[in-house]
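Subject: Structure handover

Hello,

Please take over the structure below. Have a look at it before you read my notes, which follow it.

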Amino acid sequence: MQLSRRQFMKVTGSTLAGSSLALMGFSPATALAEVRQYKLAAATVTRQTCTYCSVGCGLLMYSLGDGAKNVRSSLIHVEGDPDHPVNRGTLCPKGASLMDIVHSPNRLMYPEYRAPGSNEWKRMSWPEALDRIAKLLKADRDANFIEATDDGKKVNRWISTGMLAASASSNEAGYITHKVARSWGLLAFDNQARV
Ligand code: SF4
């Protein structure tokens, strides 16, 4: 016997037959839960942190496909991590829609560069981008680093460049990022958590 969920609800809402059907194992709730488990059973689960805001909720990301199956891995489901101390399995609407970011055709997948005066963005590799950033940082720091104020007070600061980091990092990553920025003498250093 094939019943859609809607048909089932009509039957169970109006007649006693519904209770008999449920006893026979036709409960749609059970069926849906089993389909979901079956779908996720073969998936690879990856723990991650939500990228959106400074709350830093923990995620479970389920993907299907891998090298052995000769299928490109693709994300199929995202949910809150019940073991994560920040969110205990919950997600706000933004976090719950993270699948849309991952699969969005507008998602930025690689570094791009727009030359001064140009209106065109050009793709570049990560090594090219990182080399360029490092060279520009060094040139600017060499030219603008301030060791001392005019009256001789030691300051060791670099105020012509700023750094925007991500707040959805682990304590350790945040600590190291902070140390690097401050060791350069950067004062303008922030993230979306504003801490
Ligand atoms: S799920 Fe919502 S509250 Fe949690 S980190 Fe993402 S955006 Fe912030």
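Ser 73 is in contact with Ser 63, Leu 64 and Gly 65, leaving aside its neighbours within four places in sequence; contact means heavy atoms within 4.5 Å. Before I go on, note that this is a predicted model, in which local features need pLDDT of at least 70 and side-chain atom pairs count only at pLDDT 80 or more, while totals for chains, interfaces and linings use all residues. Residues are numbered from 1 along each chain as its sequence is written, and side-chain values use heavy atoms, with hydrogens and water left out.

Back to Ser 73, which is found in the loop between β2 and β3. Helices (DSSP runs of H or I, at least four residues) and strands (runs of E, at least two) are numbered from the N terminus. Ser 73 counts as partly exposed because its relative accessibility is 45%; buried means under 20% relative accessible area, exposed over 50%, and partly exposed in between (1.4 Å probe, protein chains only).

The whole chain

The chain has 7 helices and 8 strands. Of its 195 residues, 19% count as buried. Among contacts between residues at least 6 apart in sequence, 37% join residues at least 24 apart.

The largest pocket

Rolling a probe the size of a water molecule over the atoms shows where empty space is left. Here a pocket is an open set of points on a 1 Å grid over the protein atoms alone, where a 1.4 Å probe fits and protein lies on both sides within 12 Å along at least five of seven lines; lining residues have an atom within 4 Å of a point. Grid points are joined across faces, edges and corners, and a volume is the space filled by probe spheres set on the points.

The largest pocket has a volume of about 350 Å³. It is lined by 14 residues, and the closest to its centre are Gln 48, Thr 51, Met 61, Val 102 and Arg 107. Two or more lining residues come from each of β1 (44-49), β2 (58-64), β3 (74-80) and α5 (98-103). By class, the lining has 6 nonpolar, 7 polar and 1 charged residues. In this scheme Ala, Val, Leu, Ile, Met, Phe, Trp, Tyr, Cys and Pro count as nonpolar, Asp, Glu, Lys and Arg as charged, and the others, Gly among them, as polar.

The ligand

Which residues surround the ligand? They are Cys 50, Tyr 52, Cys 53, Val 55, Gly 56, Cys 57, Leu 91, Cys 92, Lys 94 and Gly 95, where a residue belongs if one of its heavy atoms lies within 4 Å of the molecule. This shell divides into 7 nonpolar, 2 polar and 1 charged.

The nonpolar cores

A nonpolar core is a set of buried Ala, Val, Leu, Ile, Met, Phe, Trp, Tyr and Cys residues joined through side-chain atoms within 4.5 Å. The largest one has 7 residues: Cys 50, Cys 57, Leu 59, Met 61, Leu 75, Val 78 and Leu 98. At least two residues of this core are supplied by each of β2 and β3. Apart from it lies another core, of 5 residues, including Trp 158, Ala 165, Ala 181 and Phe 189.

Strands β7 and β8

Ala 165 is in strand β7 (residues 154-165). With neighbours within four places in sequence left aside, Ala 165 contacts Thr 177, Phe 189, Asp 190, Asn 191 and Gln 192. Asn 191 belongs to strand β8 (residues 186-191). It touches Leu 164, Ala 165, Ala 166 and Ser 167, not counting residues up to four places away in sequence. Is Asn 191 buried or exposed? It is buried, because its relative accessible area is 13%.

Two positive phi values

Most residues other than glycine have a negative phi. Arg 88, however, has a positive phi near 50 degrees. It sits in the loop between β3 and α4 (93-96) and is exposed, at 55% relative accessibility. Asn 156 also has a positive phi, of about 45 degrees. Asn 156 lies in strand β7 and is partly exposed, with a relative accessible area of 35%.

Regards
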